[in-house]
Amino acid sequence: MSPEPPLPRRAEVAFSDLAARQVEKLTAPQVHRLDRALVAISARPDIGHPLPGGQLRDYRDDIDRVRVIYHVTLRRTIVIVGYVEV
């Protein structure tokens, strides 16, 4: 029996200064919804749609009503630029 292939490594998540200030003001339910979005993005950094200009991506989850603007670095770190409830 051959071993199972390793699971892909999740990307690290970092926050810009603006995004960090936004997170400090969130309620517990909002943090929970954001956490779910961050798990999805860290597992699949390409999940968001590219915004004009090419560097930023826009991830929206209509069920949890969150929108995350982010970009992925060459080292596969995801930098969160902003968070909005939709």
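**Entry 1: a bridge pair**

I started with Phe15, whose bridge partner in E5 is Ile80. E1 and E5 (residues 77–85) run parallel and share four bridges. I jotted down the terms: strands (E, at least two residues) and helices (H or I, at least four) are DSSP runs numbered from the N terminus, and two strands pair if DSSP finds at least two bridges between them. I also looked at helix H1 (residues 17–24), which packs on the sheet, touches E1 and E5, and points at about 50 degrees to the direction of E5. Contact here means heavy atoms within 4.5 Å. The angle is taken between N-to-C directions on a scale from 0 to 180 degrees, with axes fitted to C-alpha atoms, for helices over the stretch in contact.

**Entry 2: ground rules**

This is a predicted model, where local features need pLDDT of at least 70 and side-chain atom pairs count only at pLDDT 80 or more, while totals for chains, interfaces and linings use all residues. Residues are numbered from 1 along each chain as its sequence is written, and side-chain values use heavy atoms, leaving out hydrogens and water.

**Entry 3: the whole sheet**

In what order do the five strands lie? I read E1-E5-E4-E3-E2, an open sheet with mixed pairing. E1 (12–15) and E2 (49–50) are the edge strands with a single partner strand each, so one side of each has no neighbour in the sheet.

**Entry 4: around E3**

E2 and E3 pair antiparallel over two bridges, and Pro50 has Arg57 as its bridge partner in E3. Their hairpin has six residues between the strands, and Gly53 in it takes a positive phi near 110 degrees. On to E4 (residues 66–72): it pairs with E3 in the antiparallel sense over five bridges, with Tyr70 in E4 opposite Arg57. The E3 and E4 hairpin has four residues between the strands, and there Arg65 has a positive phi near 60 degrees.

Is E3 (residues 57–61) largely enclosed or left open? Four of its five residues are buried, so E3 is largely enclosed by the rest of the structure. Buried means under 20% relative accessible area, exposed over 50%, and partly exposed in between (1.4 Å probe, protein chains only).

**Entry 5: Asp58**

I picked Asp58 in E3, which counts as buried at 7% relative accessibility. Its side chain makes polar contacts with the side chains of Arg60 (3.3 Å) and Arg67 (2.9 Å). Such a contact is a pair of N or O atoms within 3.5 Å; within protein, one must be able to donate a hydrogen and the other to accept it, and residues adjacent in sequence count only if both atoms are side-chain atoms.
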